Amino acid sequence: MLIKIHKSSDCTASQITPESIYLSRRSVLGGSLAGLAVAGLPRIGVASEASRYADVEPGKAPAWFTDKLASTRWGAVTVKGEAITPYKDATHYNNFYEFGPDKGDPAANAGSLKTEPWSVVIDGEVGKPGRYALEDLVKPSQFEERVYRLRCVEAWSMVIPWLGFSLAELLKRVEPTSKARYVRFETLKDPKSMPGQRSSFGLIDWPYVEGLRLDEAMNPLALLAVGMYGRELPNQNGAPLRLVLPWKYGFKSIKSIVRISLVEQPPQTTWQGLAPTEYGFYANVNPTVDHPRWSQARERRLPSGLFSPNVRNTELFNGYAEEVAGLYEGMDLRKNY
Ligand SMILES: Nc1nc2c(c(=O)[nH]1)N[C@H]1C(S)=C(S)[C@@H](COP(=O)(O)O)O[C@H]1N2
Ligand SMILES: [Mo]
């Protein structure tokens, strides 16, 4: 994302994806956000939930996570007729610069991240500020499985089944004041466990910061994820808590969140700070507004290889226009990129 143009070597990980994984890919049919919610399954362990996805190794999940699985709404949101990306690709082709600049670095290095105990500070323009233990944040929330497209600004994409809860629901609970207009999110800063923060890869001013307008944050599509593929989030995907905004470029979906602040002014975000002409505050997926160094009209859907590049057209708002276009009515999307 920084300075790299795509190389064909970027595809290596997906080219060696074993055939068993291709065969176990399922295509999921279903409704939209308001659509079908599959009834909660009887209470079973995390291992059997993970086996909903044949290619997933179950992890050792904390109690606050396993306890919620019993009442999870499985398949609450799905993508019609598009295959779910193999777990191996979703967990070994990552951007998480805290663990290094290359796609394989997060999987190789994120083991050092200590996700338990974890707490999140909620502050700024809220009636109920505080430092919340993750289990307390999660306890009142309804877990849902939502299958979303993820479109990176680098023109590759995946389809991922997330597990999480509505950001709007959490924000309402902490009672934003009438002055709150934006939400600012911050990732953990811990150079001891995050090699990217102590390396000479010094362009980023840590911690990683992202932001949304309050009405965007209140959109029902905005998800706080704690899991994917029926199990808890692997560290490289942003454990234990990350944002997922399927209508925006992937860099808005900030990982390993330690702070959520309700603020009056638009927050300065990491990528805007680095290259304001390339990465805007809104970063809505838009095939008609090119990145200054490449086209955004098309995307490589992973797994994508040299001989089957799996290229498709990019859709406005990544296919979620029905849900989010109203947020941007009257705005010039070319100026507000
Ligand atoms: N803290 C943090 N969050 C981050 C990033 C990062 O480098 N640091 N990369 C972003 C980018 S560019 C993308 S495309 C997505 C990738 O999410 P995934 O690895 O789970 O697919 O995470 C986003 N969130
Ligand atoms: Mo990205």
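**The ligand and its surroundings**

Guide: Let us begin with a contact in this predicted model. An N or O atom in the side chain of Asn-94 is 2.8 Å from an oxygen atom of ligand 1.

Visitor: How far from an oxygen atom of ligand 1 does a polar side-chain atom of Asn-237 lie?

Guide: The distance there is 2.9 Å. For Arg-242, too, a polar side-chain atom lies 2.9 Å from an oxygen atom of the ligand. As for exposure, ligand 1 taken alone exposes 530 Å², and the protein buries 100% of that area.

Visitor: How many residues surround ligand 1, and which are the closest?

Guide: A residue belongs to this group if one of its heavy atoms lies within 4 Å of the ligand. By that criterion 18 residues surround ligand 1, and the closest are Asn-94, Tyr-97, Glu-98, Arg-242 and Lys-255. Sorted by class, the shell holds nine nonpolar, six polar and three charged residues.

Visitor: What volume does the largest cavity have, and which residues are closest to its centre?

Guide: The volume of the largest cavity is about 310 Å³. Its lining is made up of 24 residues, of which Asn-95, Arg-242, Gly-250, Ser-253 and Lys-255 are the closest to the centre. The lining comprises 15 nonpolar, six polar and three charged residues.

Visitor: Which strand gives the most to this lining?

Guide: Strand E7, which spans residues 156-166, gives the most, with four residues.

**The backbone**

Visitor: Where is a cis peptide bond found in this chain?

Guide: One joins Glu-116 and Pro-117, with omega about 0 degrees. Pro-117 belongs to the loop between helix H6 (105-109) and strand E4 (119-124). The bond from Trp-206 to Pro-207 is also cis, its omega being near 0 degrees. Pro-207 is placed in the loop between strand E8 (182-187) and strand E9 (209-213).

Visitor: Which residue has a positive phi although it is not a glycine?

Guide: Ala-155 does, with a phi of about 75 degrees. Ala-155 is in the loop between strand E6 (144-151) and E7, and E7 is the strand that gives the most to the lining of the largest cavity.

Notes: Residues are numbered from 1 along each chain as its sequence is written. Chains are lettered from A and ligands numbered from 1 in the order in which they are written. This is a predicted model: local features need pLDDT of at least 70, side-chain atom pairs count only at pLDDT 80 or more; totals for chains, interfaces and linings use all residues. Side-chain values use heavy atoms; hydrogens and water are left out. A polar contact is a pair of N or O atoms within 3.5 Å; within protein, one must be able to donate a hydrogen and the other to accept it, and residues adjacent in sequence count only if both atoms are side-chain atoms. Accessible areas come from the Shrake-Rupley method with a 1.4 Å probe; for residues, only the protein chains shown count as cover. Ala, Val, Leu, Ile, Met, Phe, Trp, Tyr, Cys and Pro count as nonpolar, Asp, Glu, Lys and Arg as charged, and the others, Gly among them, as polar. On a 1 Å grid over the protein atoms alone, a cavity is a set of points where a 1.4 Å probe fits but cannot get out, and a pocket is an open set with protein on both sides within 12 Å along at least five of seven lines; lining residues have an atom within 4 Å of a point. Grid points are joined across faces, edges and corners, and a volume is the space filled by probe spheres set on the points. Helices (H or I, at least four residues) and strands (E, at least two) are DSSP runs, numbered from the N terminus.
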